[in-house]
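Subject: Handing over a structure, with notes on what it contains

Dear colleague,

I am passing on the structure below, together with an account of what was found in it. Please look it over first, and then read the notes beside it.

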Amino acid sequence: MKYISTRGDAPVLSFDEVLLTGLARDGGLYLPERWPKFSNADVAALAGRSFSGIAAAVIRPFVGDTITPSDLSRMCDEAYAGFGHQSVAPVLEIAPNRFVCELFHGPTLAFKDIAMQLLARMMDHVLAERGGRATIVGATSGDTGGAAIEAFRSSERANVVILYPKGRVSDVQRRMMTTPTEASVATLEIDGTFDDCQALVKAMFNDQAFRDRVSLSGVNSINWARIAAQITYYFAAGVALGAPHRDVSFVVPTGNFGDIFAGLAAKRMGLPIDRLVIASNDNDILPRTVETGVYEKRGVVATTSPSMDIQVSSNFERYLFEVQGRNPEVVRNQMASLGQSGRFEVYGGGPRLQAEFSAAAANEAEVAAAIRRTSAATGGYIVEPHTACAVHAADVVARAETVTSPMILLATAHPAKFPDAMEAITGTRPGLPERLAGIMKAEERFRPVANDLKAVEAAVDEARASSGAGGAA
């Protein structure tokens with residue numbers, strides 16, 4: 001399996017190279033040259049397997065011969081052994097023909113753990129084979145940072161530096177990043193939005209001299225391995241509800257478009273998906289794009305679902321490449337237009353997007369109402385604000401369209417990650433699991449850094465030096 005860039009001017013790479021490269025050198029994102037195909041028999045054969053067994057089977061075609069099947073199976077087993085539920089991503093019915101797939105049973109209570117725990121093991125494995133080290137830099141709107149730090153904090157091959165937007169993550173999310181004491185971990189507080197943090201990370205990757213000097217690698221969903229690992233729970237949930245013998249639909253809270261793109265990839269691979277529903281909050285750029293065919297940035301609004309407080313959805317570039325005939329010139333022109341005017345038009349417009357996706361956005365009042373409504377209807381099942389956006393979107397789509405397939409809502413985080421918001425909405429403050437309770441009292445360690453590329457690169461250099469990884473990588 002080989003990988004190509006959405007912008008067409010970067011080298012074709014193998015999986016292990018893509019794993020360590022992250023963002024392509026032409027500024028694009030990597031995609032497989034072709035989609036692996038699972039027959040109905042292949043999908044049916046996943047029934048009854050453990051989550052790690054399903055993960056190994058789904059990811060194996062993307063890996064090719066760069067990781068042996070036995071090593072991949074071992075890494076999957078290790079990645080999910082510590083999850084708080086034996087099913088890893090259990091599927092629960094909350095209403096007739098409506099289900100929740102709980103993706104928050106990992107160490108940092110968010111869906112990012114499912115990909116990140118495996119990604120860390122893959123990177124360590126490849127780096128060990130090469131005798132190399134990496135400097136991992138990531139931007140977070142809340143959950144990616146904690147998941148990355150937790151996954152890589154014991155790595156002997158990588159340093160981790162995470163950028164997060166000041167005042168725009170929950171206290172629990174921030175403390176998951178700022179309380180680890182390992183010298184190989186650093187957190188940088190940026191005075192700006194997630195989009196600013198993401199732009200700084202992309203700029204570091206585009207600074208070729210800096211990138212090469214520190215052996216830069218990425219753990220945001222710009223890294224294809226993250227997307228590959230997220231495809232796993234679509235297959236696991238689909239098979240649990242009868243695929244391939246019946247279609248299933250998914251409702252996905254998404255800001256950066258990575259999670260919903262993983263669903264599209266599962267559909268391309270052969271999982272019988274009826275509808276993919278984009279669920280958004282007040283930062284509704286994706287639903288607006290689906291409706292109009294025009295991608296247009298507006299200001300970022302702070303909400304109770306901060307992981308979706310985004311206006312630049314990086315992974316949408318992968319979809320643009322896919323839906324527009326895999327034409328890199330078209331994508332390059334659209335990305336240039338986005339940089340210059342903050343907007344571009346999608347080839348085929350709204351109807352082309354609507355053939356693939358449904359979409360709906362929830363305002364803050366609708367989020368709160370969805371949380372209360374779900375609790376009342378289920379006798380006390382509590383969803384957090386991101387998942388509540390999926391509840392609202394499912395209701396909107398069910399009223400507007402005929403959906404007969406089971407609707408699976410991805411529950412992307414645990415309510416305890418947003419205690420202030422949950423207390424304001426429900427009157428009850430959710431508690432953290434006992435294993436995490438100490439983070440609310442532990443000393444925090446972070447560095448405020450200006451929203452400036454050179455300042456951030458200097459902070460990354462200093463973090464590497466402090467960990468003993470300074471100098472040539």
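A residue is called buried here when its relative accessible area is under 20%, exposed when that area is over 50%, and partly exposed in between. Please keep in mind throughout that this is a predicted model.

By that cut-off Arg275, with a relative accessible area of 14%, is buried, whereas Glu401, at 28%, counts as partly exposed. The side chains of these two residues meet in a salt bridge, with N and O 3.5 Å apart. The pair links distant parts of the chain, since Arg275 belongs to strand β11 (residues 273–280) and Glu401 to the loop between α17 (385–400) and β15 (407–411), 126 residues apart.

Of the two partners, Arg174 counts as buried at 17% relative accessibility, and Glu444 as partly exposed at 23%. Asp207 forms a salt bridge with Lys454, where the closest N and O atoms are 3.8 Å apart. Because Asp207 lies in the loop between α8 (194–206) and α9 (208–213) and Lys454 in helix α19 (residues 453–466), the pair ties together parts that are 247 residues apart in sequence. Asp207 is buried, with a relative accessible area of 18%, while Lys454 counts as exposed at 56%. A search of the whole structure finds 29 salt bridges, and Arg268, Glu322, Arg326, Arg352 and Glu356 are linked in a network of such contacts.

Strand β8 deserves a separate paragraph. Six of the six residues of β8 (residues 185–190) are buried, so this strand is largely enclosed by the rest of the structure. In a regular strand the side chains alternate between the two faces of the sheet. In β8 both faces are covered, with Val185, Thr187 and Glu189 buried on one side and Ala186, Leu188 and Ile190 buried on the other. Strand β7 (residues 158–165) pairs with β8 in the parallel sense over six bridges, and Glu189 in β8 is the bridge partner of Tyr164. Between these two strands the chain passes through helix α7 (residues 171–178), and this β-α-β crossover is right-handed. Strand β16 (residues 447–449) also runs parallel to β8 and is joined to it by three bridges, with Val449 in β16 as the bridge partner of Ile190.

The remaining notes concern aromatic rings, for which a search of the whole structure finds 17 pairs. The rings of Tyr3 and Trp224 have their centres 6.3 Å apart and their planes at 45°, so the pair is tilted. This pair also links distant parts of the chain, with Tyr3 in strand β1 (residues 2–5) and Trp224 in helix α10 (residues 224–240), 221 residues apart. Tyr3 counts as buried at 0% relative accessibility, and Trp224 is buried with a relative accessible area of 0%. By contrast in geometry, the rings of Tyr80 and Phe83 have their centres 5.4 Å apart and their planes at 70°, so that pair is edge-to-face; Tyr80 and Phe83 are both buried. Tyr3 and Trp224 also belong to one aromatic cluster, which includes Phe15, Trp35, Phe62 and Phe261.

With best wishes

How values were computed: Residues are numbered from 1 along each chain as its sequence is written. This is a predicted model: local features need pLDDT of at least 70, side-chain atom pairs count only at pLDDT 80 or more; totals for chains, interfaces and linings use all residues. Side-chain values use heavy atoms; hydrogens and water are left out. Buried means under 20% relative accessible area, exposed over 50%, partly exposed in between (1.4 Å probe, protein chains only). Helices (H or I, at least four residues) and strands (E, at least two) are DSSP runs, numbered from the N terminus. Two strands pair if DSSP finds at least two bridges between them. A crossover is right-handed if, with the strands pointing away from the viewer, the path from the first strand over the helix to the second runs clockwise. Rings of Phe, Tyr and Trp (its six-membered ring) pair if their centres lie within 6.5 Å; planes under 30 degrees apart count as stacked, over 60 as edge-to-face and the rest as tilted. A salt bridge is a side-chain nitrogen of Lys or Arg within 4 Å of a carboxyl oxygen of Asp or Glu.
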